[in-house]
Amino acid sequence: MQTVDHVRLSADEKKLVILDQTQLPNRTEYAELTTAEEMYDAIKKLRVRGAPCIGIFAGFAMFVLAQGFKQSTYDAFAKEFHEKSAYLNASRPTAVNLSWALKRMERVVTEHVGCTPAELLPLLRNEAQAILDEDIAMCKAISEHGLSLLKEGDCVLTHCNAGPIATSKYGTAIGPLILGAERGVKLKAFSDETRPLLQGARLTSWELDKAGVDVTLICDNMASMVMKNGWVQFCFVGCDRVAANGDTANKIGTSGVAILAKHYGIPFYVLGPTSTIDMNCPTGDDIKIELREPDEIKEMWYREPMAPKSVKCFNPAFDVTDHSLISGIITEKGICRAPYEQSLKALFH
């Protein structure tokens, strides 16, 4: 498997370099970011996306920004660091990995009171690298646990994108498929196109094809037919936040897939690192759902608008899948099953 270098530091470590996911699959373009505004915009406009990837991005972003601070005292440096962290955290409210990674970076500063900025910078660099290294290890472990459920010839339906460019190395939801291909296990996949931003069409199908997985792209409203035909044995999806009761937020349309899977008796699994689990969020009702611009529905992929200008659009980025529809939540520590209040809590003890 070819590893995609999707988030990295420039050679002099003064800039953050990202693979621009909005240009895939037709163009492989990288962007260099130096300002907080550029970094906020990259998250907001999905140039960098995927909950774990956003966490990795946030770690390196804060290191790059900190190098540009003009402050010479600890107190002034810490104040500016917290301000920039809060600014980036406002870019996308649903994915918990963003705030999780920013809090880790802030902790480096708060736990080294009195250090000079010159002393803090290498500590911040190490923490950002640790976030990346830990995610690579987590994705490998998640992929191993997911692959343990599959046998030769199985077909997995997935929604949105939770592959290497949304995470690291193998990815989460499609990690078992990529790991299986690497080991010579013949598996198949159906990739929902995932309206309105087409992450499944542009990104998931691209990643699976590159990895040598037999992938078939379908429109979102075709999932019921392929399930009814008996062509799907499992559904694997990623997640942006998992509530304490097992409700999960993922790309809009995921809950519909889960309902269909329940109807047709197909196991539905959510795959993600423990950093995506928010034990301070009691249920899915407490997850803030991001609303995006209507142009993503009416105009983004068309030469001309596909709806009258006066027509309103409802464009939530995510929906919440009820825990009762989920067969298991696959983390790097193993597979959690209902009751999730107990199995998820046990992960942190």
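A: Helix 1 (residues 36–44) and helix 3 (residues 74–89) pack with their axes 9 Å apart and at an angle of about 25°. Helices (DSSP runs of H or I, at least four residues) and strands (E, at least two) are numbered from the N terminus; axes are lines fitted to C-alpha atoms, for helices over the stretch in contact, with angles from 0 to 180 degrees between N-to-C directions. Helix 1 and helix 3 are therefore roughly parallel to each other (under 35 degrees is roughly parallel, over 145 roughly antiparallel, 65 to 115 roughly perpendicular, the rest oblique).

The model is predicted, so local features need pLDDT of at least 70 and side-chain atom pairs pLDDT 80 or more, whereas totals for chains, interfaces and linings use all residues. Numbering starts from 1 along each chain as its sequence is written, and side-chain values use heavy atoms, without hydrogens and water.

On the side of helix 1, the contact (heavy atoms within 4.5 Å) with helix 3 is made by Ala 36, Glu 37, Met 39 and Tyr 40. Helix 3 contributes Lys 84, Tyr 87 and Leu 88 to this contact. By class, the contact of helix 1 with helix 3 has five nonpolar, no polar and two charged residues (Ala, Val, Leu, Ile, Met, Phe, Trp, Tyr, Cys and Pro are nonpolar, Asp, Glu, Lys and Arg charged, and the others, Gly among them, polar).

Helix 3 also meets helix 2. The axes of helix 2 and helix 3 cross at roughly 140° and come within 11 Å. That makes helix 2 oblique to helix 3. From helix 2, Ala 61, Met 62, Leu 65 and Ala 66 take part, and they meet Phe 77, Phe 81, Lys 84, Ser 85 and Leu 88 in helix 3. Sorted by class, the contact of helix 2 with helix 3 has seven nonpolar residues, one polar and one charged.

Gly 175, Pro 176, Leu 179 and Gly 180 in helix 6 meet Lys 140, Ser 143, Glu 144, Gly 146 and Leu 147 in helix 5. The contact of helix 5 with helix 6 divides into three nonpolar, four polar and two charged residues.

The spaces can now be considered. On a 1 Å grid over the protein atoms alone, a 1.4 Å probe fits in a cavity but cannot get out, and a pocket is open, with protein on both sides within 12 Å along at least five of seven lines; lining residues have an atom within 4 Å of a point. Points are joined across faces, edges and corners, and a volume is the space filled by probe spheres set on them.

The structure holds two cavities of 30 Å³ or more. The largest cavity has a volume of about 180 Å³. It is lined by 23 residues, and Arg 49, Gly 50, Ala 51, Asn 161 and Asp 240 are the closest to its centre. Helix 2 (51–67) and strand 9 (248–251) are the elements that give two or more residues to the lining of the largest cavity. That lining has ten nonpolar, nine polar and four charged residues.

The second largest cavity has a volume of about 40 Å³. Helix 2, helix 4 and helix 5 (117–147) each supply at least two residues of its lining. The lining includes Pro 52, Gly 55, Ile 56, Asn 97, Trp 100 and Ser 275, and by class it has five nonpolar, three polar and one charged residues.

Trp 100 and Ser 275 are also among the residues that line the largest pocket, in which about 290 Å³ of space lies. Others in the lining of this pocket include Val 96, Lys 103, Asp 278 and Phe 348. Helix 4 gives the largest share of the lining, four residues, while helix 4 (96–110) and strand 11 (277–278) each supply at least two. The lining of the largest pocket divides into five nonpolar, four polar and two charged residues.
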